[in-house]
Amino acid sequence: MNPSPSPAPESTASLRIAGARGRWTLLATVLGSSVVLLGSTVTNIALPRIGQDFDADLGVLQWTVNAYMLTLAGLILLGGSLGDRFGRRRIFVLGLVWFAVASLLCAVAPDTTTLIAARALQGVGGALLTPGSLAIIEASFHPDDRPRAIGLWSGFGGIGAALGPFVGGWLVDGPGWRWTFVLSAVPALLCVPVALRHVPESVGAPRKEAVPTAGAKARRGVGFDVPGAVLGALALALVTYALTEARDGGTVAVTAAVGGVVAGAAFLRVERRSGDPMMPLAIFSSRQFTAVNVITLCVYAGTGGFFFLTALQLQIVVGYSALAAGAAMLPNTVLMLLFSSHAGTLAQRLGPRAPLTVGPLVCGAGMLLMLRVGPGASYVQDILPALLVMGAGMVVMVAPLTVTLLASVDASNAGLASGINNAAARAAGLVSVAALPLLVGMGPEAYRSDAAFDASFGRAMPLCALLLAVGASVALLTLRRSATAPRPAHGHTHGWLTEPPLVSRFAHHQAVE
């Protein structure tokens, strides 16, 4: 494929935060990343009302979440590569428009089939714009201002994640759940003219492969792996479908499961033989990188199930309104906003093993405390303590996970490593939301009965805590005890996926949970 003419790479990043163009560029990137967060956080709060309005079963609610997560997780690496090839601003703006149109389709969806399809389209838009938001900052700002710009991007993005459930709950209780999707579309549309007028264009530099991949052709430079992206997304889709529909049994679910395994094997084969793979398998030659990704899968599968079910538990069983449920979840995010940077610094000093062993165990303890949350639960005595313990565990765990990840690979592959880990976290949340109701015997109509849902919730929390405990065990057995500072990456090699080891890491992952 011959790409259309792309803008030449900018040799020097010159924007300053003090300058007008720098501030407008920062605003555009913050709005762009925030709309993706809103696309998830506000939807989780709206799920019970969506189910009531459409008279839908639990499977529909799962797909309302998973359709978005599926395309976002499956295509985010491809979205970053497209930005590198065709121009980051160009793909960023395309993603904004795509996301806004899909959000408005969700808002006017006449039935569940249309809603789920529109949610999948939302995820495609998110996969196009999410990588570009940080890549634009890295490629555009002067090196002296870049750390501060990334910090501001992280902080404001975290605030968006914190306010999403609260504002979403207010809309659900007021004008209705459809307005939560309008809320996602409006900032995306407002961001388009700002980006076109003020954000400079840039493209990526050729990627360096740390270890040659056996059988792979020589790299041609910055490229994108369409077959790999298609097979990866197809494998996730088929496995998710099999898990969601397995409660009904039948040959369709079995066929989907087998197809998912076959597509996954084909994906690995394509990545092994491709000259420009989306996920170069050679990067997994680093034992620590592989261990961090296994920990990520365990941690975000557990937390993904937790946030999905807790938003429902607070409304269905405890009897909270959507607004109250959104507000109840704020302490967890506030703790992350206040203390994540300190945890990242501590991990650099002490090494990864301690925080990545202790953090998941503390999170698991918070999940077990949620077993006290049932009909008539007190917020101060039952709900708040569980969320504070959960938040403390996230503080200890999330930033060190990123610090360890970036220290596990060569600096030139830091962005690629972060992108793979980001996709792994989103995929883990996706599979968790699909599998957990099946594993705990949550029937299609469970969310209509507070007693039935409460019983299933009580079985789910120990499973989520167990996943965190497995992650802690992997950290204890595989990670180095000594401190290892991450090596700074120079240039912008796959900068579309490099994330600071602070709040933004939590904010983007929490959005899928």
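Me: Before that, what kind of model is it?
Reply: A predicted one.

Me: OK. How many helices and strands in the protein?
Reply: The protein has 16 helices and zero strands.

Me: And what share of the residues is buried?
Reply: Of the 513 residues, 59% are buried. On contacts: take those between residues at least 6 apart in sequence, and 86% of them join residues at least 24 apart.

Me: Let's do helix packing. How do helix 9 and helix 13 cross?
Reply: Helix 9 covers residues 287-316 and helix 13 covers residues 379-407. Their axes come within 11 Å and cross at roughly 155°. The cut-off for roughly antiparallel is over 145 degrees, so helix 9 is roughly antiparallel to helix 13.

Me: Left-handed or right-handed?
Reply: The crossing of helix 9 and helix 13 is left-handed.

Me: Which residues meet there?
Reply: From helix 9, they include Phe 289, Val 292, Tyr 300, Phe 306 and Phe 307. On the helix 13 side, Leu 387, Met 390, Met 394 and Met 397 are among them.

Me: Switching to aromatics. How many pairs?
Reply: The count is six aromatic pairs. One of them is Tyr 68 with Phe 99. Their ring centres are 6.5 Å apart and the planes sit at 75°, so this pair is edge-to-face.

Me: Where do those two sit?
Reply: Tyr 68 is in helix 2 (residues 58-86), and Phe 99 is in helix 3 (residues 88-107). The pair therefore ties together parts that are 31 residues apart in sequence.

Me: Tyr 68 and Phe 99: buried or exposed?
Reply: Tyr 68 and Phe 99 are both buried.

Me: Which residues form an aromatic cluster?
Reply: Phe 54, Trp 177 and Phe 181 form one.

Me: Last topic, Thr 357. Where is it found?
Reply: Thr 357 is in helix 12, residues 353-369. Its relative accessibility is 12%, so Thr 357 counts as buried.

Me: What does the Thr 357 side chain reach?
Reply: The backbone nitrogen of Leu 476, at 3.5 Å. A polar atom of the Thr 357 side chain also lies 2.7 Å from the backbone oxygen of Arg 353.

Me: And which residues does Thr 357 touch, leaving out those up to four places away in sequence?
Reply: Thr 357 touches Ala 472, Ala 475 and Leu 476.

Technical notes:
Residues are numbered from 1 along each chain as its sequence is written. This is a predicted model: local features need pLDDT of at least 70, side-chain atom pairs count only at pLDDT 80 or more; totals for chains, interfaces and linings use all residues. Side-chain values use heavy atoms; hydrogens and water are left out. Rings of Phe, Tyr and Trp (its six-membered ring) pair if their centres lie within 6.5 Å; planes under 30 degrees apart count as stacked, over 60 as edge-to-face and the rest as tilted. Helices (H or I, at least four residues) and strands (E, at least two) are DSSP runs, numbered from the N terminus. Buried means under 20% relative accessible area, exposed over 50%, partly exposed in between (1.4 Å probe, protein chains only). A polar contact is a pair of N or O atoms within 3.5 Å; within protein, one must be able to donate a hydrogen and the other to accept it, and residues adjacent in sequence count only if both atoms are side-chain atoms. Contact means heavy atoms within 4.5 Å. Axes are lines fitted to C-alpha atoms, for helices over the stretch in contact, and angles run from 0 to 180 degrees between N-to-C directions. Angles under 35 degrees count as roughly parallel, over 145 as roughly antiparallel, 65 to 115 as roughly perpendicular and the rest as oblique. A crossing is left-handed if the near helix is turned anticlockwise from the far one by less than a right angle, and right-handed if clockwise.
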